[in-house]
Amino acid sequence: MTDVLDRQQTETHFATVGTRPIRPDGVDKVTGRAAFGADFVMPGMIWGRILRSPYAHARILGIDTRKALALPGVKAVVTGADFPDLASEIIEGGEAASNSRDMAVNVIARDKALYEGHAVAAVAAISPAIAEAALELIEVSYEPLAHVIDVEAAMAPDAPLLHSHIFTEGLEERPKLPSNIARKHQFVRGDVDAALAAAEVRVEGRYTTKAVHQGYIEPHACVASMSEDGQGHVWCSSQGHFMVRSYCAKVLGVEISNIKVTPAEIGGGFGGKTTIYLEPIALALSRIADAPVKLVMTRDEVFRATGPTSGGVIEVKLGAKKDGTITAAEVELKFQAGAFPGSPVGTACMTALACYDIPNFRIVGWDVVTNSPKTAAYRAPGAPISAFGVECALDELAQKLGMDPVDLRDKNGARDGVKAAYGPTFQNIAFLDTLARIRQHPNYHVPLKANQGRGVAAGFWFNVGGESTGAVRVSDDGTLTVATGNPDIGGSRAGMAMMAAEVFGVPVDNVRVTVPDTQSIGYSMLTGGSRTTFAVGMAVVRASEKVVADLKKRAAGIWQVAEDQVAWKNGEAICLDPAKADAKPLTLKGLAAQSGRTGGPIQAEVSLNAQGAGPGFAVHSCDVEVDPETGHVTVLRYTAAQDVGRAIHPSYVEGQLQGGAAQGVGWALNEEYIFDAEGRMENAGFLDYRVPVASDLPMIDTVLIETAPNPRHPFGAKGVGEAPIVPPLAAVANAVSAAIGVRMTDLPLSPPKIRAALDAKKA
Amino acid sequence: MAQFNYVAPSSVDEAISALASAPTARVLAGGTDLIVQMKAGRVRPATVVDVKRVPGAVGIQKAADGGYVIGAATSGAVLGEHATLPRDWPGVVEAANLIGSTQVQGRASLGGNLCNASPAADSVPGLIAARAVCVIVGPAGRREAPVETIQVSPGRTSLQPGEFVLEFRLPPRPKRASDAYLRLIPRTEMDIAVVGAGVSLALGDDGKIAEAHVSLGAVAPTSLLVGPAGAALVGGKLDEASLAALDAAARAACNPIDDKRGTIDYRTKIAGVLARRVATIAYARAEAR
Amino acid sequence: MKLHVSTTVNGDAAEFLTDPGTTLLDALRDELGLTGSKEGCGSGDCGACSVIVDGRLVCSCLMLAAEAEGKRIETIEGLARHGELHPIQQKFLEHAALQCGFCTPGLIVASKALLDANPDPTEEEARYWLAGNLCRCTGYDKVIRAVLDAAAELRQERRVA
Amino acid sequence: MPHVLAMGGDVARFTGGASEFEVAALSVGAMIRELEQRWPGLGEYVERRMAIAIDGEIFQDADGAQFRHGSEVCLIPKIGGG
């Protein structure tokens with residue numbers, strides 16, 4: 001159960017913020033009305049399918065589409081040759097920058113297939129069955145090439161080379177030869193070598209993780225129509241329809257103004273829907289077929305062809321004094337990027353030590369291309385992987401020092417005024433409170449039995465702000481419509497309605513929220529980086545304040561008093577002018593009814609670029625029991641505490657903590673990409689890619705820490721969506737290691753690995 | 001899915017001729033394996049014969065000898081809800097009820113699970129340990145065969161063209177006899193068995209094990225009836241020595257592969273662990289009857 | 001060759017023509033326009049397509065449309081009646097038991113089948129019954145609380161009735 | 001004068017090794033122009049690739065953001081997210 005003590009301790013009281021109303025889009029979602037990507041149909045619509053490479057790495061010598069085109073019912077076939085060749089260029093899609101040429105080649109292969117599942121051609125036909133049959137008639141001649149998927153193998157000088165144009169960035173001098181190492185990142189402070197040498201206690205470890213998928217349940221889907229005048233319209237589920245618009249325009253080489261994107265409901269993303277796969281192909285097929293084209297991925301395609309996050313190697317050295325003061329940390333990270341540069345190793349470096357105040361450190365990260373699907377963002381990109389290594393090493397250090405793992409983190413924990421390892425000085429953070437609340441939680445004091453273990457870990461995420469638009473309209477009955485440019489992935493419409501209701505002083509039921517298409521609302525960066533409630537919420541609050549100011553002005557006009565003689569309270573304008581003692585308050589409804597006479601429709605749209613998102617800190621504790629004969633792990637208890645600034649809708653904040661914890665438990669115990677000797681994925685389905693099911697988990701207890709509201713946000717909100725997936729990998733691994741008395745360093749902690757570790761311990 | 005003919009015959013003979021009509025014809029019972037394989041293009045039958053309307057294919061009857069006749073296309077959910085079957089053959093029922101989710105239970109059948117011929121089929125070790133017999137119908141008429149003779153290798157069965165399994169026969173269950181099935185999976189549900197073990201045993205009046213049958217799944221190309229493992233239990237009261245002998249016999253019978261679901265070493269060790277645990281459960285159940 | 005199928009969907013007679021290879025899920029979504037049932041995997045591993053056929057919970061992606069001949073089918077669209085949400089739907093809203101909402105129709109249909117079969121499930125029984133319904137957003141905590149709360153309310157209603 | 005510290009990224013490549021320096025500029029936009037003047041290419045690099053933390057608060061693409069005298073200005077790689 002979530003404990004809300006902290007909110008009671010804060011003086012500020014809100015009418016709506018902090019309550020738990022039913023979300024405005026809820027009924028549509030429990031009745032099956034909500035329309036997701038694959039639910040949309042258009043008159044005259046036809047169906048597309050995509051042909052994908054069976055090879056992990058192959059040169060494409062030729063593609064013969066004639067037989068497919070000759071099949072009755074086939075309306076269009078496209079290959080890489082139907083798309084423009086783009087120059088290498090960084091484009092700011094609103095999230096982590098991506099390279100437009102790489103994105104275009106990832107959408108559909110040109111001269112080489114770089115991973116199994118890489119799209120090589122696509123068809124559109126009058127029925128799904130004909131489209132499927134047509135795929136088998138496309139003849140592609142491949143020259144298979146040696147492939148490499150393991151990150152360290154890919155870094156070797158003699159490794160099969162994916163791209164001849166990659167020369168490692170970030171080195172002292174540009175290398176003479178191309179390689180698979182796209183970039184070196186480095187973050188240094190103090191003299192780590194001297195500090196390690198002088199340390200009274202040292203720990204050292206090598207940790208490894210496998211590629212894992214976001215695992216959203218809704219496969220990618222879109223309907224696209226490209227008319228003869230070059231106007232394209234896309235209906236799709238994504239984390240940002242403005243992102244889809246700009247990326248499609250890039251890949252197709254058309255003007256942004258020629259593409260309109262209407263957002264569908266999105267069935268989960270977790271970062272995986274922050275880029276495009278199907279949309280430009282559907283548009284290209286539609287342009288040729290003169291009909292709207294629907295493309296829907298199978299689950300198999302989602303696993304083989306959309307972005308997982310990196311598998312990685314994390315090497316950690318820590319040095320400390322006997323009293324537990326950490327004096328030195330050395331971290332080296334090697335990340336699979338997939339087929340193109342851009343693994344999250346940069347943010348993994350920046351977050352690796354962010355929870356702690358460490359005077360001397362060196363963090364080095366390597367971004368390495370491999371013959372696997374191009375990685376996409378996944379919830380706090382990179383942070384869970386580096387935290388896995390660092391938080392396990394801290395656990396080992398605590399054991400060596402004979403210290404409680406929470407106390408060790410508390411002694412070295414980040415607090416206001418501490419210079420973060422990634423540069424800036426922290427302010428308004430509540431990491432120490434978060435640790436304290438885990439230490440106080442009853443779960444942390446339940447006695448453990450044989451074969452049981454307890455693990456603790458911490459995690460950090462920056463949270464971001466960014467360009468956002470919110471519009472507020474007053475209907476003539478006085479009810480409100482709020483519009484934003486951000487797809488609602490987890491209940492953000494509830495937060496938007498609540499923040500607007502708070503400003504207007506009206507019941508939240510009087511507020512409707514909508515997410516219009518790219519032509520009907522101002523530009524907004526995508527829904528990601530835990531930015532929506534913070535940044536888009538700011539835009540909605542500012543727009544609401546503008547409308548309230550307008551309402552006060554109109555009331556002043558009606559009363560014939562100065563504007564400063566009008567106050568706004570509980571949804572109505574109040575006249576302060578003693579000379580007008582008889583002036584009855586003017587309600588929102590009353591003012592709306594007179595809008596025509598007082599200046600016309602009442603509305604405001606605010607676009608801003610939100611800055612100063614407050615960082616989030618999470619601390620999790622996990623209890624497990626291990627079956628010593630089978631190595632099977634049961635999660636007994638799980639507690640997630642987090643510095644959330646202030647929870648707008650506590651239920652959905654708790655939901656973020658619980659969902660992040662569950663994904664992290666899956667990552668720790670069972671989830672992994674398994675490739676065969678040819679580099680083909682062996683478990684591209686939910687049967688053998690094992691995400692947690694309901695019976696795998698206990699209730700996930702949450703503690704929302706609200707002692708450090710974000711001063712930049714009108715109601716103190718911080719981003720909450722990403723931090724909760726950072727600690728679980730290490731929290732679970734620390735618990736398992738404690739239960740079996742062996743340090744487990746290679747994820748996932750599947751039963752065979754644990755049984756093998758136990759056998760090795762006996763021997 | 002590739003195109004095919006769908007037929008739902010209402011008699012055994014129609015079903016046989018439909019199956020005989022095309023060499024690639026396949027029987028559809030619950031479809032929880034067949035439809036997945038057809039979607040993936042792994043099988044492309046010209047004809048799909050839905051046998052659920054064939055008399056006898058669905059339902060559970062008590063046989064004259066006190067045993068059971070179970071329609072091969074009867075869903076796992078129906079087995080679990082039967083008035084007496086779960087009491088008399090708890091191992092057979094719990095094995096069938098471990099196949100997939102609640103949703104899959106609504107469709108998946110013993111016949112489909114057996115004839116899909118996966119070495120990891122959960123219900124097969126339970127049936128083999130129970131000494132269940134298949135009633136097979138085909139162009140050559142009706143024949144009976146022990147369950148362990150049906151699977152010949154992964155994906156292949158000993159059924160002849162036009163033949164299909166219509167029913168399973170389970171022997172009558174005396175007092176002080178019971179069975180059990182256990183499997184090891186990485187999660188708690190929804191996985192394919194890494195190892196499965198079924199034990200059926202009967203106690204003599206002296207409380208000693210008079211008869212015992214042990215079957216293992218997912219440790220060889222087909223589910224195994226492990227004679228020496230059963231023999232290790234007979235004559236004892238499940239003391240440490242006989243459990244150790246059972247463990248050793250189970251491991252000795254293993255001929256598994258390394259794959260995405262488990263290693264040779266792991267599967268072999270777990271076969272012994274599960275054999276011991278499942279024998280203990282079956283013994284306790286037998287004593288309680 | 002198309003097959004003619006006549007069936008009952010949410011109490012109303014429904015007829016459609018289908019290819020033998022069309023699944024019940026595709027028929028519901030494409031022929032009958034009932035898109036509340038979702039396809040998350042197409043292989044029976046996620047439960048987003050859960051429907052109730054002759055009182056039995058099944059994955060509609062693992063059933064041929066042709067097999068529906070003469071069957072009674074209940075989908076998510078049939079749960080709310082006369083402008084009233086089913087108590088399970090109401091509890092999902094009150095407990096915030098959904099985030100993206102894609103798995104929600106399948107979870108609610110599966111929960112209805114659970115409470116029809118077992119009006120008073122334990123937390124463990126609910127978790128195992130619903131193990132075939134993947135949810136990636138919620139970690140299941142609020143889903144299970146909603147289902148158990150709905151069970152209590154339905155038992156109360158029965159007592160009153 | 002605002003004190004600038006660069007963490008990560010390739011700033012030192014432009015400055016001939018320096019990752020800490022003072023600037024006269026009192027806004028992000030002015031700093032970017034100043035850096036471009038002092039180390040050709042650095043201004044554009046910072047504009048495209050770096051976020052700017054002013055006294056602990058992270059700003060991205062915010063030319064108007066103001067510094068105070070003695071502000072801590074930290075250049076860090078731009079941050080995305082999931």
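**Entry 1: two domains of chain A**

I looked up where domain 1 and domain 2 of chain A meet, and found 14 residues of domain 1 in contact with 15 residues of domain 2. Two residues are in contact if their C-beta atoms, placed from the backbone, lie within 7 Å. The side of domain 1 that touches domain 2 holds five nonpolar, seven polar and two charged residues. For these classes I count Ala, Val, Leu, Ile, Met, Phe, Trp, Tyr, Cys and Pro as nonpolar, Asp, Glu, Lys and Arg as charged, and the others, Gly among them, as polar.

The model is predicted: local features need pLDDT of at least 70, side-chain atom pairs count only at pLDDT 80 or more, and totals for chains, interfaces and linings use all residues. Residues are numbered from 1 along each chain as its sequence is written, and chains are lettered from A and ligands numbered from 1 in the order in which they are written.

I then checked the bounds, which come from an automatic or database domain assignment. In chain A, domain 1 is 12-34 + 465-484 + 492-608, domain 2 is 37-146 + 217-305, and domain 3 is 428-463 + 614-762. The C-alpha centres of domains 1 and 2 of chain A are 39 Å apart.

**Entry 2: chains in contact**

Which chains share the most contacts? Among the four pairs of chains in contact, I found that this is chains A and C. Here 44 residues of chain C are in contact with 42 residues of chain A. On the chain C side, the elements giving two or more residues are H2 (87-94), H3 (104-117), H4 (123-129) and H5 (141-160). H2(C) gives the most, with four residues. Helices (H or I, at least four residues) and strands (E, at least two) are DSSP runs, numbered from the N terminus. By class, this side of chain C has 22 nonpolar, twelve polar and ten charged residues.

Chain B touches chain A through 15 residues, against 16 residues from chain A. H11(B) gives the most to the chain B side, with four residues. That side has seven nonpolar, three polar and five charged residues.

I also noted pairs without contact. Chains B and D have their closest C-alpha atoms 27 Å apart, and for chains C and D the nearest are 14 Å apart.

**Entry 3: helix H10 of chain B**

Which residues of H10(B) are buried? I listed Ser242(B), Leu243(B), Leu246(B), Asp247(B), Ala249(B), Ala250(B) and Ala253(B). A residue is buried if 20 or more other C-beta atoms, placed from the backbone, lie within 10 Å of its own. Their cover includes strands E13 (209-217) and E14 (224-225) and helices H9 (227-233) and H11 (264-288) of chain B.

Terms used:
Buried ≥ 20, exposed ≤ 12 C-beta atoms within 10 Å, placed from the backbone.
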